[in-house]
Amino acid sequence: MLEAHIIKTLPGGFRLDGRLSTGKGRVTALFGPSGAGKSTLASCIAGLIRPDEGRIELDGETLFGNGIDVAPHHRRIGYVFQEPRLFPHLSVTANLLYGLKRTPEAQRRVAFDQVVRMLDIERLLARRPLSLSGGEKSRVAFGRAVLSSPRLLIFDEPLASLDGARKAEMLPFIERLRDELAIPMIYVSHAVEEILRLADDVAVMASGRITQTGPAVEILNSADFVHAGDGDAGSVIEATLSRPDAGDGLSELRSGAGVLYVPRLPLAEGAVVRLRIRARDIALSRTRPTGISVLNILPARVVAISDGPAASADVVLDAGSTLRARITRRSIRELGLTPGTDVFALIKSVAIDRGTGG
Amino acid sequence: MEIFALSALEREALMLSLRVALWCVAISLPFGILTAWVLARCDFPGKAFLDGLVHLPLVLPPVVVGYALLVLFGQQGFVGRWLATSFGLEIAFTWKGAVIASAVMAFPLMVRAIRLSIEAVDTGLEAAARTLGAGPFGIVFSVTLPLAWPGILTGMVLAFARSLGEFGATITFVSNIPGETRTLPLALYGLTQVPGSEGAATRLVIISTLLAFVALIASEIMARRIRKRLAA
């Protein structure tokens, strides 16, 4: 359990004043746009940047404050950086063992073989970091941090240096670390998809302050969050897998918003999954459309309308649970939408987080 | 093959030069690395002064350095007297003095090369090492110095070569004593003062040139090997 209050003014004049506590959840996401101060806050917690004032407590031990300032190498906080930062002069094995060797035997809780297996890096062990691909480097960096048996593991936008496809490939590895090792994690990111899949709790950060904290589903659906994650607004709902095989390679899910069909999920009936529907993937219609390829059409009622970026507007819908649609302001006018209007929400695609919620 | 055999004077000067140059590198290396690391990684008041002090031998006339060493390390100088009474060490007018003279003259070159290579080491790697439990010393020996190794090697070779060529400070500090302080450049200087020694002088010129060249090529080969290992 981490309790931190950090005040720091950076040379450019940027002021950070953030309170962050991790709850019982395994993964706390630190979410916010670039420049919000997420990495600075994370670096202060790890001891890489010295706060001007504040207090950092981990598992009841004061790491900073009251005249105490524990050196970073004594904090036992693991850190995965935006770049892999592997030591180029050491083999993959020596990189992995770097932290392990420096951890007293009594505090070692993570086994080398277990981590190598989880991250699927066995065939890389004899190689040098420079000969590895981006994804391979990231996995070795994860393993190196985990093998120092940290009390808290900070992932500071660990996928930032990878392209889209590689990012998606890395998420299962982080999920595996989260599920198989009992290490509390702080996951810094501005990517909603990553947070959706990984986080139990979310702290939202903007302009050097933590503006909101709470359970992931709650925060991901709150209005503030929608604005914080501007380009990628959406809604998150939890659903139960009612029919794993609903024919034609589809699975049927029941949610508060109604029945949804998604590509076949490799899960058992009754599994709970977290779904994210991006606002721009929802179209609205006044009448129930027919002769249309969209599978998921949910009746809903307009709750609120607000202006979005450029020519768009955000429509908050009540479909049993809250949905958000982003359509043009012209469409709002032409459809005559006002709060209370009954509409049909046409959902073009659904992102599914298989890992959490079970 | 008479021509390839070294004369007694040549052999004596060559071996003395090598001995002085190797000792010069050996004793200045720890100080050179420490100074380079401080200049590359630390920020403190007086850093510009330290930087200037280190570079001073580069811009001072060598005879000034030699005379200053004589004042400090001579039998009446306070360092010289202390070394003589505490350790029985005679510095002035011995080959040890030649080592000190060339170490001082070569120091800026060594520090500069090492400092540049330490500055080129990504501080992000050092930060990563800290989060993995390495203390300040551990980081220097496990990350910074191994990655700066090509630059350290360059600094060592530069100091070695500079020592082989050292003349002004040496002759001022320890004079030109056959078998004790008469290194290759001093022997060459001696020969140029004697009419009819052009042939012998030319041989010394060739020996000096070959020696410097071999040192440079050896360092280039080593540096290439290290770089390949870091990149493999």
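Because 22 of its 30 residues are buried, α7(B) is largely enclosed by the rest of the structure. A residue counts as buried if 20 or more other C-beta atoms, placed from the backbone, lie within 10 Å of its own; helices are DSSP runs (H or I, at least four residues) numbered from the N terminus.

This is a predicted model, in which local features need pLDDT of at least 70, side-chain atom pairs count only at pLDDT 80 or more, and totals for chains, interfaces and linings use all residues. Residues are numbered from 1 along each chain as its sequence is written, while chains are lettered from A and ligands numbered from 1 in the order in which they are written.

The end C-alpha atoms of α7(B) are only 37 Å apart, whereas a straight helix of 30 residues would span 44 Å, the expected span being 1.5 Å times one less than the number of residues. At B:Trp149, shortly before the proline B:Pro150, α7(B) has a kink of about 60°, the angle between axes fitted to the seven residues ending there and the seven starting there.

In the interface, 16 residues of chain B are in contact with 21 residues of chain A (C-beta atoms within 7 Å). On the side of chain B that touches chain A, α6, α7 and α10 of chain B each give two or more residues; the largest share, 6 residues, comes from α6(B).

| Element of chain B | Residues |
|---|---|
| α6 | 123–131 |
| α7 | 136–165 |
| α10 | 198–231 |

The predictor gives the complex an ipTM of 0.83 and a pTM of 0.79.

Terms used. Contact = placed C-beta atoms within 7 Å. Buried ≥ 20, exposed ≤ 12 C-beta atoms within 10 Å, placed from the backbone.
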